[in-house]
Amino acid sequence: MKYFTKQWFEENQLSNYLFFLVTMVDWEEEKAYYREYGIDLEQERKMELQRDREKLLRFLPEEFHPFVLDGSIIAGSPNDNLRNLAKIWLEHFDALSNEKFERCAADFISAKSKLPKAVNDLFVDSFHDTIIQTIERNADHTCTIKLNLENTYHENDMLIITFTGVSEFTSTASVGNGSWWLYEEVSIVEGGFRLNVLFDSPLAEFTIVAKDVVIESKQ
C-alpha cells in the first residue's frame, strides 16, 4: 500500500494556508516581522494564492471555495467561520496523516522477520531530507543509489545502496541529482521486498522491487 503519495504531500503543503489562519495572533506584527527581512508578506501571500488557487479548489472542501475565490483565505483577520472551518479541516488532516505514519511503521515492524538483514539495517532510521547524488539502473538487474546524508541524523555523510535482483523500477517523474528523499515505506512481496519512496524536486512516487541490498558507507 502506498501511504505517502503526491496528492497527500500537496495537501500537506497547502495546509499551511489554514494553519496560518488558525494560529495568527496579530497580522500587523507578522507583517512587521517579515518586513525586517525585506519581505512584503501581503504581496508574497497574494503571489502564493495565485500560484496555488487551482490546487486549493481541488483539494479543499467546497465550504472553502468562496474564500479561495475572493482571496479572503489569505486575509490578515479571517472571520470566525473561516477560522473554525480551518481548525476542523486541520485536525482531520493531521489525524489522517498521523494514522499513515503509524500504519507504515507497524507494517515495517511486522515485515522485519521476513526481510533480508541488510534491508532491516538500512531502514532502521528514515532517510527524510537525504539528497540524491545519483540513481543508476544497471544491466545486471541491479540499481545503485548514492545518497548525501549530511543534513540528516545518520552517522555517515555518504551512503551507496545497491539493490540486487531488481524486478521493478518505476517513477512518476525523473529523479536524480539534487532530488530530496521525503518518505519511504517497505513491504514484503514474493521473492523480495518493495520500496516506495516519495521524492521532491521533482515531486515523484518512486518504486523499486528487489531481492536484497548491498550497503557501502563513507564518512
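## An exposed loop residue

Glu-150 is exposed, with a relative accessible area of 54%, where exposed means over 50% relative accessible area, buried under 20% and partly exposed in between, for a 1.4 Å probe and protein chains only. This residue is found in the loop between β2 (143–148) and β3 (158–164), and its C-alpha atom is separated by 7.7 Å from that of Thr-130, 20 residues apart along the chain.

## Basis of the description

This is a predicted model, in which local features need pLDDT of at least 70 and side-chain atom pairs count only at pLDDT 80 or more, while totals for chains, interfaces and linings use all residues. Residues are numbered from 1 along each chain as its sequence is written, and side-chain values use heavy atoms, with hydrogens and water left out.

## Overall make-up

The protein chain has six helices and eight strands, these being DSSP runs numbered from the N terminus (H or I of at least four residues for helices, E of at least two for strands). From the N terminus on, the order of elements is α-α-α-α-α-α-β-β-β-β-β-β-β-β.

Taken along the principal axes, the C-alpha atoms fill a box of roughly 60 × 35 × 30 Å, and buried residues make up 42% of the 219 residues. Among contacts between residues at least 6 apart in sequence, 60% join residues at least 24 apart, a contact being heavy atoms within 4.5 Å.

## Packing of α2 and α3

Two packed helices are described by the angle between their axes and the distance between the axes. For helix α2 (residues 27–35) and α3 the angle is about 95° and the axes are 9 Å apart; axes are lines fitted to C-alpha atoms, for helices over the stretch in contact, and angles run from 0 to 180 degrees between N-to-C directions. The two helices α2 and α3 are therefore roughly perpendicular to each other, a term that covers 65 to 115 degrees, whereas under 35 is roughly parallel, over 145 roughly antiparallel and the rest oblique.

On the α2 side the contact is made by Trp-27, Glu-30, Lys-31 and Tyr-34, and on the α3 side by Leu-41, Glu-42 and Arg-45. By class, this contact has three nonpolar, no polar and four charged residues, with Ala, Val, Leu, Ile, Met, Phe, Trp, Tyr, Cys and Pro counted as nonpolar, Asp, Glu, Lys and Arg as charged, and the others, Gly among them, as polar.

## Pockets and cavity

On a 1 Å grid over the protein atoms alone, a pocket is an open set of points with protein on both sides within 12 Å along at least five of seven lines, a cavity is a set where a 1.4 Å probe fits but cannot get out, and lining residues have an atom within 4 Å of a point. Grid points are joined across faces, edges and corners, and a volume is the space filled by probe spheres set on the points. The largest pocket has a volume of about 310 Å³ and is lined by 13 residues, of which Gln-13, Leu-14, Tyr-17, Arg-51 and Asp-52 lie nearest its centre. Its lining has five nonpolar, two polar and six charged residues. The second largest pocket has a volume of about 260 Å³; of its 15 lining residues, Cys-104, Ala-105, Phe-123, Ser-126 and Glu-184 are the closest to its centre. By class, this second lining divides into ten nonpolar, two polar and three charged residues, and β5 gives the most to it, with five residues.

A search of the whole structure finds one cavity of 30 Å³ or more, and the largest cavity has a volume of about 40 Å³. Its lining consists of Lys-2, Phe-4, Glu-185, Asn-196, Val-197, Leu-198, Glu-205 and Phe-206, with the largest share, three residues, coming from β6.

## Backbone geometry

Most residues other than glycine have a negative phi, and most peptide bonds are trans. A cis peptide bond joins Ser-201 and Pro-202, with omega about 5°, and Pro-202 lies in the loop between β6 and β7. Phi of Ser-201 is positive, near 60°, and this residue counts as partly exposed at 43% relative accessibility.

Phi of His-141 is likewise positive, near 60°. His-141 is found in the loop between β1 (130–137) and β2 and counts as exposed, at 54% relative accessibility.
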